Amino acid sequence: KRILVTALAASTALAAPALADDAALREQAKEMFEAIPLQAPMLEDNVISRDRVDLGKALFFDPRMSRSGLFSCQSCHNVGIGGVDGLETSIGHGWQKGPRNAPTMLNAVFNVAQFWDGRAPDLEAQAKGPVQAGVEMNNTPENLVATLKSMPAYVASFQTSFPGEDDPVTFDNFAKAIEAFEATLITPNSPFDKFLMGQDAALSDQQKRGLALFMDEGCAACHQGINVGGQDYYPFGVVEKPGADVLPEGDHGRFAVTETADDQYVFRAGPLRNIALTAPYFHSGTVWELRDAVAIMATSQLGSELNDAQIDDITAFLEALTGEQPQVVHPILPARTKDTPKPYT
Ligand code: HEM
Ligand code: HEM
């Protein structure tokens, strides 16, 4: 009986009318942000079928897609730790240190384009990059296709995933299958999404203050939309350039993509979904605490002197952007055969 009474009390509390300011805060937030959907979005020129997702998952986890047999996508985008490697900049083939921090692939399907500088238009184009990058997987499309064709279980899987194609085991289809799998790696139901959908109590008072500051102080001018960022490009250091430790001079950002002078040190606004899980921060990966990243943004992008309490509030709001992490079961991968190219180190 006591349980019943408590449950009743709790449900009356939930049913209480929204505080006027919660409702206003929600309306303002809905103008700028969108909740992560429960299901994978539709893709252009690709089909998210069960077969294709399963194949993409196997490819994502298969280290034999790298020349050394050591690196898979999972090495640098670990689904158990927010889709990152937790390193300042990634380590790839031959223990080489790459130039940039690995961003998460969780919710990446919603970004306007891929990479810190947006140089790949979508996840399909993106997947072809790391395989061939010397500092990442150091493979060639030919050797990758030969590896796949050497294992009958992979050939069968490409046949069912790309029905009706004469020669389905191709580098293009490799990328398509990975894109289909990655499109399923979305993280709905964060406290922020629950708040957007009408649950006042999903955010703490501090997080609500942080959300209000995030919108009113101007963070949301650059970090907006479904991923709270990842939707457009801006100079890093609009108001004040951060030091060379945070913004190394050699990385010119989008300038390398467009060769337009205006794009010097321009980067994609970081998508802030699950940001509390993906330290270290910025493309240089040199800032380890989220609070410090917020303080740097306030100075470099807004020229504003937020006080300590305001920085804490915004940081608390960003922690509310952590959604339900996808439960991914590690796939059993096809066994090698005598025709499988040997790893090369
Ligand atoms: C960027 C997926 C392999 C390190 C990305 C992005 C995606 C992705 C989707 C862009 C995310 C965004 O812009 O928000 C994959 C897939 C892989 C793979 C599908 C396997 C085929 C690797 C490996 C490493 C790595 C093995 C580490 C050795 C990085 C880095 C970036 C990145 C450093 C940022 C590069 C830049 O912005 O210039 N990856 N990745 N990735 N990935 Fe991977
Ligand atoms: C990156 C938060 C304002 C543009 C980031 C990151 C955080 C953040 C935490 C790191 C993302 C990551 O490492 O994955 C904030 C907050 C702001 C704010 C709390 C308000 C105080 C702005 C404004 C702009 C902007 C106003 C545009 C003028 C960017 C860009 C990046 C970024 C371009 C990527 C930087 C890089 O290349 O490393 N932001 N931001 N931000 N933000 Fe902001």
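Reader: How do you know that Pro280 lies in a loop?

Author: Pro280 sits between β4 (266–268) and α13 (290–302). Helices (DSSP runs of H or I, at least four residues) and strands (runs of E, at least two) are numbered from the N terminus. This is a predicted model, in which local features need pLDDT of at least 70 and side-chain atom pairs count only at pLDDT 80 or more, while totals for chains, interfaces and linings use all residues. Residues are numbered from 1 along each chain as its sequence is written, chains are lettered from A and ligands numbered from 1 in the order in which they are written, and side-chain values use heavy atoms, with hydrogens and water left out.

Reader: What makes the peptide bond from Ala279 to Pro280 worth a remark?

Author: That bond is cis, with omega near -5°. Most peptide bonds are trans, and most residues other than glycine have a negative phi.

Reader: Why is Phe282 called buried?

Author: Buried means under 20% relative accessible area, exposed over 50%, and partly exposed in between (1.4 Å probe, protein chains only). Phe282 has 11%, so it counts as buried. Phe282 is in the loop between β4 and α13, and its phi is positive, about 75°, although it is not a glycine.

Reader: Why is Phe115 called partly exposed?

Author: Its relative accessibility is 22%, so Phe115 counts as partly exposed. Phe115 also has a positive phi, about 85°, without being a glycine. Its place is the loop between β2 (96–97) and α5 (123–132).

Reader: How many helices and strands does the chain have, and why is it called as compact as a globular protein of its length?

Author: There are 14 helices and 4 strands. The radius of gyration is 22 Å, close to the 20 Å that the globule rule gives for 345 residues, so the chain is as compact as a globular protein of that length. The radius is taken over C-alpha atoms, and the rule is 2.2 Å times the number of residues to the power 0.38. Of the 345 residues, 47% count as buried.
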